[in-house]
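Please open the model in your viewer and keep the sequence panel at hand. The stops below are given in the order in which they may be selected.

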Amino acid sequence: DTIKIGVIGPFSGPFAIQGKNFKAGIDAYMALNGNKVGDNDIEIIYRDVPQADPAQSKALGQELVVKEGVQYLAGFYFTPDAMAVTPLLEQANVPLVVMNAATSAIVTKSPYVVRTSFTLWQTSAPMAKVAKERGVKKVITVVSDYGPGVDSEAAFTTTFKAEGGEIVDSIRMPLSTNDFSPIMQRVKDSGADAVFAFLPSGPTTLGFVKAYNDNGLKDAGIQLLAPGDLTQESDLPALGDSALGMLTTFHYAISHDSPENKIFVEAARKAIGNPAELSFPSVGAYDGMHVIYKMIEATGGEQDAQKAVDAVKGMAWESPRGPVSIDPETRHITQNIYLREVAKAEDGSYINKEIATFEKQGDPGLAAAK
Amino acid sequence: MPAAQLEVANLSAGYGQTRVLENVSFAVPAGSRLAVLGRNGVGKTTLFATIAGQTRLYNGTIRLDGKELSGLESASRARSGLGYVPQARCIFPSLTVEENLLVGLKDRERTAIAEAYDMFPRLQERRRNFGSQLSGGEQQMLSTARTILGKPTVLLLDEPLEGLAPVICEELMAAFSKLAAAGDMTILLVEQRIQSALDFADHVLVLERGQVAWSGTPVELSADPATVERLLGVGGLH
Amino acid sequence: MQTVFSVGTDALAYGMVLFVISIGLSVTMGLMRVVNLAHGAFAMIGGYIASYAAHMLGFGYAVAILLAVAGTILISIPIERFLFRRIYGAPELTQVLMTIGITFCVIGIANYVFGPTLKTIPLPDMLRGPVDLGYRSIAAHKLFAIACGVVVAGALWFLIDRTAFGVKLRASVDNAAMAGSLGVRTRIVYAVSSAVAVGLAAFGGIVGAELLPIEPYYALRYMVTFLVVVSVGGAGSIPGALLACLVLGAIDTTGRYLVPEYGEFFFYLAVITIVCLFPNGLLGRKR
Amino acid sequence: MAAEQTISPASKATSGPNWLLRDLAGLAVILVLAGIGYLLFPNNLALLTRITAIALLVLSLDLVTGYCGIATLGHAALFGAGAYAAGIAAAHFGITDPIIMVVIGAIGGAAAGLLAGAIMLRGHGLAQLVLSIAIVYLFHETANKASGWTGGSDGLAGISPDPVFGLFGFDLWGRTAYVFGIVLLVLVFLLLRVLVRSPFGMLCRGIKEDPVRVSAMGASVNATLLRMYVISGAVAGVGGALNAISTQVVGLDSLSFTTSAEALVMLVLGGTGSLYGGLIGTLVFMWFEDFVSSINPFHWLTIVGALLIAVVLFAPSGLYGTAVQLLQRIRDKR
Amino acid sequence: MSTVFEARHLNKSFGGLAVAKDISISLARGDRVALIGPNGAGKTTFINLVTGHLAPDSGTVMFDDADVTALSPTKRVRQGLVRSFQVTRLFSEMTPAEHVALAVLQRTGRSGRMLGNFQAMQDVMAEVQESLHSLGIDHVANRRVSEIAYGQQRLLEIALALALRPKVLLLDEPAAGVPQSDTSRIETALAALPADLAVLMIDHDMDLVFRFARRVVVLAAGAIIFDGSPQEVTQDMRVREAYLGNYANARSAA
Ligand SMILES: Nc1ncnc2c1ncn2[C@@H]1O[C@H](COP(=O)(O)OP(=O)(O)OP(=O)(O)O)[C@@H](O)[C@H]1O
Ligand SMILES: Nc1ncnc2c1ncn2[C@@H]1O[C@H](COP(=O)(O)OP(=O)(O)OP(=O)(O)O)[C@@H](O)[C@H]1O
Ligand SMILES: [Mg+2]
Ligand SMILES: [Mg+2]
């Protein structure tokens, strides 16, 4: 039989690069593990939702289930798109494997949701510990004013305060900000020792990091701390020297040193075509496929969402990002979070060099929400 | 008879599917004054617009000094010596009076604008105003002056007196007569006030339903009240 | 006080960058009366060519700019000839449809050819890094952008308001048929103006690339910004566009400094206020 | 040949029952198409429902753009207002009857229309376009900020409408939603047909062409336009509510610039100033987009762009407008 | 006869150019007044001031013994102060029938109706027919205005104004662009107007003016230089010089 997997993601438009990484991760997994599970052929059907658009996402999810007859739904770069599909799952008897969307609450919307990416709480909270360790006392947070930004700010602020640090100011700026000079001026005026920032990966990060340098914050010794979205590998060549030395916490770096990752990166680079375009969503997709393959194995190709999801609860494996497991309770991935520094590799390319590890991090976000 | 300067043969034209002119032919010798008359909506404006290249020509030929115009865009026709003063005036509303005149200059020296101001002193007073701010009569003056600045050899005037004060009308008609008499210009005129047209012209063409219905001299037309009544709907001419 | 100066400087710099990028649109939209949503697409093409010329062919910044402007104009010639020429004088909405179609195509092609990553245009050493103004430091490339803005504004104003070409262009736009009958070769006038506008777009795209980085979605991402700036100034008015850029730059910058969380609010409320007070744009002529 | 005789009477016939006939024919075409959609694409009903909702948005846009000449790139503000009104009623106040939700959506849309209209009418031309953009961004930001009510950028979830009349539940296959949507569309369409032919509709067309002329006839331009804006808001609100009911979630995209711009593109594609044009534009654009993006999810944008360019080149009055002209020409030839 | 309309001391200037200098005119019921004067004298501006399309710098406009200076153009029209435009302003995509219907509906307070259709309203259709017929443009009643000849558009412009049943009618060059054969239609239409209607007409066609007017007002450079009977005006040297030229001679001779 052929088992179909429907993947929804941004394959065109402003976030096309993230969708491309989904595909690269999936292709890499299938290249390495074959496109068969038992006797079943695996077929992937892609559907494009260029920007967060829950209505479109739901319509496509429905179409995938009803018309294409997919047994699994996967992908989802944006939270609302994933949320929109969750009401379908039970009736459709289809599990949903979230490969990126990073708001904690998604897994609570349906018992059939499993997530193999990360949450912003997960990647941002450790940064507060780093800051504390490095002797930072006063921090100003700067985040994009939308769900993930607010999450990231909350995660950092809560943790940093718990560690005894002081948040001198919290700035939320519109997603469409192009010129960050006034923000940097605020940062300067706030008297903070460090700035914690979250912006979605993409063009604005470039302006942000440049403004940080050009306005003399770097020279003034104000540390820039951020979750890894800001230094997505595909943006690093554009950021260039200006990002050197930036500290970020994240679940995955392309440069992660492990045999599993070497194999993955090689396969994924081949799949994506231009090696410079590879970045973190690919690993979420890769592990998502791993989870789906496990589900198919466990159900023997039968359509049984409950059984499939049950089969992966507690499952642990060695991912390209390091050791991971699916938390049986939340169905979210437990993983290492790494502290990384932007550095120049021997071949002259820019990498996120891992310099410390926070092991087996769950999602503090769900706990915080309760 | 001198060689025709403007020669129109078998001209048919219209708008999209609407045919307005059918098989119109006439010739105008250099330095003469032709009045084109006809009732409301017979196609006088369409005829001039077609000659000037603004309305679609279905078939027929238009020759200026022996040169075929029909394939040319309107700018080339203008550069071959055709001047057109449209009924709708077509002032450039966002240009000043002076700039409107500059456009009409073609490649002549800027100083030539003075000629227009000599003709219509009113325009000089208003030279910095935008076209859209002019009074109706001022627009009419500007439209005429603008075209004349380009020194056309054949001038198409579509109701150039509309909206002008009687004194100005007289002066203007006198000026046109002078231009034509000097042999500098051949003038084709559409005018609602039949008497003014007949006083001015040396030849008359009457259109009816898109076709030439009558042609002759003003004297002949005045002498034929029946035709005047039939084609122009006017009682008698004084 | 120092903060005021400092924010003021940022505002000026940001406004000027906006000006350089969007002024080409003021030419197409205000003077040629084409609602050209593809303006960003041309800016982006310029950016890509410059980036390619600098990275792959190893040209310097100045040469890259020249190549990019020339290259973009070259690319635009068939587009003007076969597509734009069909929409001169057409209803605005038809123009919207056509130019958005062009934008979609350009985005798709850029994505296919260059991939979805950011492209940079390496600055020469002179423009790199901060310059100390005494009370603060500012990026050198911003100073460069300010200078470019001033030069472009002056040159354009002269071309449009003071030369015979400018008069012919404005006449053709007001009434192409009549301009033709007065001997103006409207096609050539349009083609040249369109080339100027495209060249300006490309130039702006390159000079502004530090703030608005080049990537395939560029063409749509900043479309609204361009539209707003040009219309608030009064389309077709060069001083108007300049003023609008400075005013909006100032509002945006102070807004983001004082109340960043309401930055967008601030900006668009200001736009609404300005438009309500000046329905034809700040320096727009009444039509 | 005589000029007068070759001219055919204008398409707007004065004879009475003609328009009734044409409306019935139009209605029949919509119903037949809807039926075909249901039978031929039973698995695509979600998409078809979505098209229906957007069609309502495009119709409402046609009212102000096509009939009143107000170009706007912010019309999704009204659509989104309807969607959020219906969604918030359901998610926060437990009002889950779909018909009441539609009414609430219409009211929400109308209120937004009143507000947007009052602002929009302050400008003209380009300035007006910019006002519309500013409005949609303000709405968007407001919804983003009021995340307690709207769910912010995560979207407003937790909308679970009751079965229609307590009988037909909204299920996975989307049959109920589809039929519900088509019924709404047909009702709105008929009402709008009456509206645009009414004296009020004629007044609006007059304003589109020359507001000064209209005011010199003693009619008040702004009051008329504002009324139309409110009506348009109600129609868009119905579309928004339908979207909220059928997808059970409302996202910020529903009042975004992008949605507004797409609606405008669909309208122009079909042809402004006739309700059929709006419907055809929506259907063709969304179907085409879905079709090419499922064939190639990565590079479909280029093809859509090419479609738009082709339409401008070969059907400059929009698909419907050009078709009508062609028919007219064929009839003239005979 | 009672005064229905009065302009008192109107002043207006554009920049440095004074286009209305202390203009005072009053119209009584049944008046037939011609306003003439050189091009650019300020005649159209006067109408714009009176109808509210332009705001005067100073002065008042009285209508039916009430001060209407602050009213919007629309409100003035509703009270019965109606104008036509010198440059036709019509809805190019609509038909003459629709134009007149719109005016009739507006006058009868039905233009805001959202139900029904004017073609189904007997009284409206009858009036439309009648009005177009009287001006001789009923044969193009259902053509788009953009397709009818300019002269016909001018006639429609007048039909529109009349359909509003004004108390005071201001006509700005109604005959400009109308062929001689058709000016008589305008005259007939004007002659058929209710006797108590006050009409002020601007035109440069002196034949028409002298047939129509019982009183002539001459405006030059923004100021009234003459207000009197048609007979007197041809004798006034200033008017002859500034405006009439040889026409006056021809007329006196005749
Ligand atoms: N744009 C157009 N589209 C279709 N038909 C038109 C168009 N313009 C004019 N016509 C028609 O062409 C015919 C001739 O019009 P034209 O303007 O040439 O008449 P005319 O003789 O100049 O009349 P007038 O004395 O009123 O100026 C008219 O019947 C008119 O209805
Ligand atoms: N908005 C404006 N700005 C500046 N000047 C203006 C404006 N409107 C009109 N004028 C000028 O005011 C003067 C009077 O114009 P108006 O239209 O009243 O003249 P008119 O008496 O109607 O002339 P005509 O007989 O030519 O129609 C003209 O010289 C005109 O140029
Ligand atoms: Mg004519
Ligand atoms: Mg006048």
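Select Pro203(A), Thr204(A), Thr205(A), Leu206(A), Gly207(A), Phe208(A), Val209(A), Lys210(A), Ala211(A), Tyr212(A), Asn213(A) and Asp214(A): these are the buried residues of H7(A), where buried means under 20% relative accessible area, exposed over 50% and partly exposed in between (1.4 Å probe, protein chains only). Because 12 of the 12 residues of H7(A) are buried, this helix is largely enclosed by the rest of the structure. Helices (H or I, at least four residues) and strands (E, at least two) are DSSP runs, numbered from the N terminus. From first C-alpha to last, H7(A) (residues 203-214) reaches 17 Å, close to the 16 Å expected at 1.5 Å a residue; the expected span is 1.5 Å times one less than the number of residues. After the helix, select Gly216(A), whose phi is positive, near 75 degrees.

This is a predicted model, in which local features need pLDDT of at least 70 and side-chain atom pairs count only at pLDDT 80 or more, while totals for chains, interfaces and linings use all residues; side-chain values use heavy atoms, without hydrogens and water. Residues are numbered from 1 along each chain as its sequence is written, with chains lettered from A and ligands numbered from 1 in the order in which they are written.

Next, select ligand 3, a magnesium ion coordinated by Thr45(B) through OG1 and Gln87(B) through OE1, at 1.8 to 2.2 Å. Donors are N, O and S atoms within 2.8 Å of the metal (3.2 Å for Na, K and Ca); water is not among the atoms, so sites may look incomplete. The pair lies 42 residues apart, with Thr45(B) in helix H1 (residues 44-52) of chain B and Gln87(B) in the loop between strand S6 (82-85) and helix H3 (97-104) of that chain. Thr45(B) is partly exposed at 28% relative accessibility, whereas Gln87(B) is buried at 10%.

Move to ligand 4, a magnesium ion coordinated by Thr44(E) (OG1) and Gln86(E) (OE1) at 1.9 to 2.2 Å. Thr44(E) is partly exposed, with a relative accessible area of 24%, and Gln86(E) is buried, at 11%.

Finally, display helix H7 (residues 166-181) of chain B with helix H9 (residues 237-244) of chain E, which pack at about 45 degrees with axes 6 Å apart. Axes are lines fitted to C-alpha atoms, for helices over the stretch in contact, and angles run from 0 to 180 degrees between N-to-C directions. H7(B) is therefore oblique to H9(E); angles under 35 degrees count as roughly parallel, over 145 as roughly antiparallel, 65 to 115 as roughly perpendicular and the rest as oblique.
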